[in-house]
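Keep the structure open while you read.

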Amino acid sequence: MEMQHYCHRIRVIYRQQFRCFGTKYSGRVVVEAENGRSFAVEVDAPTLQTDSRGYALPRRDLICKVSQILKSPPSASSDPFLDLSDYLDTLTLTLTPSEASEVLKSLKSPNLALRFFRFCPSEIPKFRHDCFTYNRILLILSKSSLPNRLDCVREIVDEMERSGIRGNISTVNLLIGTFGDGQGNGVNELTRCLELVQKWDLRLNCYSYKCLLQAHIRLSNSDKALEVYQEMRRRGYRLDIFAYNMLLDALARDQKVDQVHKVFEDMKKWHCEPDEYTYTILIRMTGKLGKPGESLSFFQEMLSKGISPNLIAYNTMIEALAKGRMVDKSIFVFSKMVENSCRPNEFTYSVILNVLAAEGQLGRLDEVVEISKRYVNKSIYAYLVRTLSKLGHASEAHRLFCNMWSFHDRGDRDAYLSMLESLCNAKKVTEAIDLLNKMNEKGVKADTFMYNTVFSALGKLKQISHLHDLYEKMKQDGPSPDIFTYNILISSFGRAGEVEEALKIFEELENSNCKPDIVSYNSLINCLGKNGDIDEAHMKFIEMQEKGLNPDVVTYSTLIECFGKTEKVEMACRLFDEMLAAGCYPNIVTYNILLDCFEKSGRTSEAVSLYAKLKEQGLTADSITYTILERLQSGSHRTTRVRRQNPITGWVVSPLR
């Protein structure tokens with residue numbers, strides 16, 4: 001009685017601490033101590049239960065134990081597979097293929113699963129993989145992101161064939177899905193899959209055909225996909241709506257219009273009701289073909305079936321009508337879109353905006369905005385202003401911007417920036433400065449980038465007084481200038497011949513948190529050189545090198561041009577040689593400058609040699625090069641400027657060309 005109580009206590013403790021597994025063991029006590037506190041038990045091998053087909057049911061305790069060993073964090077001194085071998089040696093029964101399949105299913109690492117798959121037949125006596133374990137490892141590999149997963153799958157299939165293991169239709173379906181994902185040599189691999197069907201004496205089922213059809217579509221082979229579809233029809237199999245849409249989309253992209261209509265009719269004949277994606281595919285196809293009437297018919301058919309178009313369907317329909325320049329119908333569909341509570345996105349507005357611009361009806365943009373006023377927020381206003389500015393419709397952009405200013409208490413930074421850029425591009429700098437000053441009224445703080453945009457426009461127009469006043473305001477009220485601000489100002493003052501102001505800005509830059517960069521020095525050197533102070537320009541050139549800044553092709557080209565214009569040809573040549581020695585390769589502008597210098601000073605032979613060097617470097621001569629060469633051949637040494645001026649500024653700023 002005491003012994004029974006003790007055994008019952010052991011069983012209770014075991015169940016409290018560990019998981020209770022399904023396999024039951026029986027045994028008998030063979031040795032017992034006199035005091036009853038220790039004993040030895042001989043356990044009989046369990047009788048494994050089988051299913052209706054006679055296959056042994058998996059032992060859950062064994063599966064959990066093997067999985068636990070394999071998933072234990074590896075230590076420096078042990079290998080989980082050595083621990084697994086030791087554990088399996090203690091068993092009288094070996095692991096079955098169904099149990100190995102369950103273990104594979106529990107492993108999250110594809111590499112670990114593949115290693116266990118190899119371990120079983122090599123380390124477990126009499127173990128032989130069956131079709132189900134092969135399918136399990138193929139499924140794991142197909143879902144993995146291993147870079148060599150296709151090679152691993154090929155090796156597994158080769159091993160199946162060598163071992164004489166006959167796969168089932170699930171094996172084939174897995175392989176079709178794996179090799180039909182658009183990677184590797186998919187066409188040949190799919191051919192091999194069909195050869196395995198013949199070899200293993202299998203028949204493709206409906207799911208097999210769908211996998212094969214989708215594989216050919218992913219491999220961009222709509223002809224093959226259509227053949228598979230026709231074979232399915234002959235065998236009486238039907239596609240679902242997802243597969244039909246994939247096939248229709250593939251055929252439509254390849255402009256197989258007749259086949260699209262035939263498949264669409266088959267779809268309805270086989271009682272597979274089209275959805276919004278089906279009709280979107282048809283609308284897009286006919287729209288691209290320039291048949292907006294047909295697109296509209298499909299759209300109306302969709303509505304008559306009670307299908308509510310989604311955003312993509314509405315956008316596709318509007319795009320088809322816009323392509324046909326049907327402005328009224330485009331706006332009508334847009335109004336229905338809003339009426340049915342489908343929120344337009346930026347693409348919707350861009351399509352309508354483009355067709356209104358193309359048809360000269362931008363005045364109707366107000367009508368579009370009014371229709372969708374419950375959806376038109378600051379972001380949409382900003383997008384419209386930005387798009388109109390890019391399309392070159394500055395007045396329309398400004399009018400829309402004014403509407404936004406009137407109807408919204410707080411502004412949108414992107415819209416304000418777009419408007420600033422539009423005004424600056426249109427040379428309306430007074431309006432740009434006014435906008436910059438009024439932004440804070442709408443809760444938008446003018447930032448450095450905005451100031452730089454206006455500074456750049458003022459500099460190009462040489463409006464120095466406005467430039468100076470705005471810079472003083474920036475220093476007083478913020479934001480802080482950045483390196484781009486200083487560089488723009490140095491270049492702008494230099495362009496206007498304000499050398500003292502340029503030097504003053506450069507000095508402020510040196511005393512600020514920013515430090516001069518190559519562009520800063522290039523702008524100042526350009527300013528000094530072009531305004532006659534070539535010696536000071538050369539001193540700045542030396543100074544930038546002393547500060548660890550390597551002159552670039554713009555620096556050298558600027559100085560060479562300045563020395564050439566002051567007839568200091570030897571100095572220009574010395575700088576050119578120094579440039580080559582420093583590993584800074586001249587561009588066609590540099591060569592043109594020096595060629596022009598040689599031609600004007602009558603150094604014809606040196607000009608010819610320089611032209612030969614230009615061609616050796618692989619540079620292509622431009623119109624300026626040929627103009628200089630023509631003057632060399634004619635022997636006329638004119639002193640007029642040969643370099644083409646920058647069409648906007650006439651001032652050399654990085655890059656030169």
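In helix 18, the buried residues are Thr 348, Tyr 349, Ser 350, Val 351, Ile 352, Leu 353, Val 355 and Leu 356. The model is a predicted one. Helix 18 covers residues 346-358. What covers its buried residues? The cover includes helix 16 (311-323) and helix 17 (327-339), along with helix 19 (365-371) and helix 20 (378-390). Just after helix 18 comes Gly 360, with a positive phi of about 65°.

Now take helix 13, residues 257-269. Helix 13 has 13 residues and reaches 19 Å from its first C-alpha to its last, close to the 18 Å expected. Its buried residues are Val 260, Val 263, Phe 264, Asp 266 and Met 267. They cover an arc of only 160° around the axis, so they sit on the same side of helix 13. The general background is simple. An α-helix has 3.6 residues a turn, so residues three or four places apart point the same way.

What does the face turned away from that buried side carry? Asp 258 and Lys 269 are there, and both are exposed. Just after helix 13, His 271 takes a positive phi of about 60°.

Most residues other than glycine have a negative phi, and most peptide bonds are trans. Lys 126 is not a glycine, yet its phi is positive, near 65°. Lys 126 lies in the loop between helix 5 (110-123) and helix 6 (131-143). Is Lys 126 buried or exposed? Its relative accessibility is 89%, so Lys 126 counts as exposed.

Ser 220 is another residue to check. Its phi is positive, about 60°, although Ser 220 is not a glycine. Ser 220 lies in the loop between helix 10 (206-218) and helix 11. With 65% relative accessibility, Ser 220 counts as exposed.

Next, a peptide bond. The one from Gly 478 to Pro 479 is cis, with omega near 0°. Pro 479 lies in the loop between helix 25 (464-477) and helix 26 (483-495).

Asn 452 is in helix 24, residues 448-460. Where does its side of the count fall, buried or exposed? Asn 452 has a relative accessible area of 8%, so Asn 452 is buried. Leaving aside neighbours within four places in sequence, Asn 452 is in contact with Asp 482, Phe 484, Thr 485 and Ile 488.

Step out to the nonpolar core. In soluble globular proteins, nonpolar side chains tend to be buried together. Here the largest nonpolar core has 201 residues. Which residues have the most contacts inside it? They are Phe 116, Leu 247, Tyr 416, Leu 436, Met 439, Met 450 and Val 454. Leu 436 is one to inspect. Not counting residues up to four places away in sequence, Leu 436 touches Leu 420, Ala 446, Met 450, Tyr 451, Val 454 and Leu 470.

Cysteines come next. How many disulfides does the structure hold? The number is zero. Cys 206 is in no disulfide, and the nearest cysteine sulfur, that of Cys 211, is 9.8 Å away. Cys 64 is placed in helix 2, residues 60-71. Its relative accessibility is 23%, so Cys 64 counts as partly exposed. From Cys 64 to Glu 102 is 38 residues in sequence and 9.2 Å in space, C-alpha to C-alpha.

Finally, the whole chain. The protein chain has 34 helices and two strands. Of its 657 residues, 46% count as buried. The chain exposes about 34,500 Å², and carbon and sulfur atoms supply 50% of that area. Among contacts with a separation of 6 or more, 63% come from residues 24 or more positions apart.

Terms used: Residues numbered from 1 in each chain as written. Predicted model: local features only at pLDDT ≥ 70, side-chain atom pairs only at ≥ 80, totals over all residues. Heavy atoms only, no water. Core = buried A, V, L, I, M, F, W, Y, C linked by side-chain atoms within 4.5 Å. Buried < 20%, exposed > 50% of the residue type's maximum accessible area, 1.4 Å probe, protein only. Contact = heavy atoms within 4.5 Å. Helix = DSSP H or I, 4+ residues; strand = E, 2+ residues; numbered from the N terminus. Areas by Shrake-Rupley, 256 points an atom, 1.4 Å probe, with all protein chains shown as cover. Expected span 1.5 Å × (residues − 1). Arc of directions from axis to C-beta. Disulfide = S-S within 2.5 Å.
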